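Here is a friendly walk through one protein model, written for someone who likes to know how each value was computed. Please have a look at the sequence and the structure first.

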Amino acid sequence: MNATKNILLLPGDGIGPEIVAEARRVLEAVSVRRGGVFRFTEDVIGGAALDRCGEPFPEATRQAALAADAVLFGAVGDPRWASVPFHLRPEVGILGLRKDLGLFANVRPAVVFDSLVQASTLKPEVIRGLDLVIVRELTGGVYFGEPRGIEDLGAGERRGVNTHVYTSSEIRRIARVAFDVARTRRKKVCSCDKANVMEAGLLWREEVTALAKAEYPDIELTHLYADVASMRLVQNPKMFDVILTDNLFGDMLSDQAATLTGSLGLLPSASLGVSDAKGFRRAVYEPIHGSAPDIAGKGIANPLATILSVAMMLRFSFGWNEDADRIDTAVRVVLDSGVRTPDIATPGQPTVNTKGMGDAVLEALERPPEGRS
Ligand code: NAD
């Protein structure tokens, strides 16, 4: 029998509550199938937390996240709180969550569904069948390195400083995530750095190469300079299976890869912490898009990125690959059958609302594979 898994739901702001509600229904369906395995708790973060507690990442939410087996996050960001001091902005909620849970690895698939090829700005033959994953280091590098700051040099001159720094162990732990993900896929990792101009990049390349040789001889490892990788992503994105990269380059390459798919509402992500001795790791699963205040409250947001984040949770946190595959397949079946929320519909195409899309996924999940069109 499976032990109970405690799932913390953090819907957040804007469309967050609408999309998390649909993802919860999918989790409940998995739970029923497995004999009631999930226990859900819900808490506030972002603007919703500011409304209730006066801070974007309250201590109670932090404690609940630390105690959870996995966290499903919607989005934060509320225009009503846009002009508050930086430390009170809703977006600080997700940064605090990532920091306090020690989430050092961001895993972001970029997949193009056949039925949505036309949504990309790239030619269909370049983009059709795209299925890559970006593994980005999330807690090190130039965004966190010391020293940092802006110095006054006098005589009207100032100096801005940030430090790009990585240690061997930081590089090895993120590389392991990439190699492990590749082992579940096509077994190819392309590591992206700037080893030609940065010492930290050279160390990155040396450590990744040594780790692959020592522990992952079955993985085909290649290296690209990050700028070249960025060009290849638009020229020939299908050459990639898993892209491994640092915080700064990953920030850019992952947004670039997401944009290639043309469908912000379809892209999930996982942020993972360090595995303990029992193999447990803290993790937050979330769509890559934001709180979409322009459509919040209208009930028309696309819940698929959040539902696909549930599939990532089942895969990464619980190792339930079969359940995860069933969700991925259900989403594909729904899209192939032409069900569309407004964001992914072509002009004149009939659309469903957020709940309608959730219904369609649940129905596809319940249908036996041979009954699927
Ligand atoms: P956004 O991703 O919220 O929206 C960009 C556009 O995509 C909008 O037109 C929106 O309507 C549309 N969109 C996004 N998700 C959609 C969905 N599921 N279904 C249908 N349409 C969808 O980005 P933004 O407008 O730049 O940011 C809005 C707020 O979200 C800001 O406060 C920003 O800071 C925040 N944000 C939060 C996160 C996060 O919580 N992780 C990430 C990005 C942005």
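## Ground rules

This is a predicted model, in which local features need pLDDT of at least 70, side-chain atom pairs count only at pLDDT 80 or more, and totals for chains, interfaces and linings use all residues. Residues are numbered from 1 along each chain as its sequence is written, and side-chain values use heavy atoms, with hydrogens and water left out.

## Overall build

The protein has 12 helices and 12 strands; helices (H or I, at least four residues) and strands (E, at least two) are DSSP runs, numbered from the N terminus. Its radius of gyration is 21 Å, close to the 21 Å that the globule rule gives for 373 residues, so the protein is as compact as a globular protein of that length. That radius is taken over C-alpha atoms, and the globule rule is 2.2 Å times the number of residues to the power 0.38. Along the principal axes, the C-alpha atoms fill a box of roughly 65 × 50 × 50 Å.

Of the 373 residues, 50% are buried. Here buried means under 20% relative accessible area, exposed means over 50%, and partly exposed lies in between (1.4 Å probe, protein chains only). Take the contacts between residues at least 6 apart in sequence: 74% of them join residues at least 24 apart, where contact means heavy atoms within 4.5 Å.

## Surface and charge

## Two domains

The domain assignment gives domain 1 (1-103 + 273-373) and domain 2 (105-265), with bounds that come from an automatic or database domain assignment. The C-alpha centres of domain 1 and domain 2 lie 24 Å apart. Across the boundary, 20 residues of domain 1 are in contact with 18 residues of domain 2.

Arg 281 sits in the loop between strand 11 (268-272) and strand 12 (283-287). Setting aside residues up to four places away in sequence, Arg 281 touches Asp 69, Phe 104, Val 177, Leu 272, Gly 273, Val 274 and Ser 275. Its C-alpha atom is separated by 22 Å from that of Tyr 166, 115 residues apart along the chain.

## Backbone points to check

Glu 146 and Pro 147 are joined by a cis peptide bond, with omega about 0°. Pro 147 belongs to strand 6 (residues 145-154).

Lys 187 is not a glycine, yet has a positive phi of about 65°. Lys 187 is found in the loop between helix 6 (168-183) and strand 8 (188-193), and counts as partly exposed at 35% relative accessibility. Ala 292 also has a positive phi in a residue other than glycine, near 40°; its place is in the loop between strand 12 and helix 10 (304-316).

Met 357, in helix 12 (residues 354-366), is buried at 0% relative accessibility. Beyond its neighbours up to four places away in sequence, the residues that Met 357 touches include Asn 302, Pro 303, Leu 304, Val 334 and Ile 344.

Pro 109 lies in strand 4 (residues 105-111) and is buried, with a relative accessible area of 17%. Not counting residues up to four places away in sequence, Pro 109 touches Leu 132, Val 133, Leu 267, Pro 268 and Met 312. Leaving aside neighbours within four places in sequence, Asp 328 is in contact with Leu 308, Ala 311 and Arg 315.
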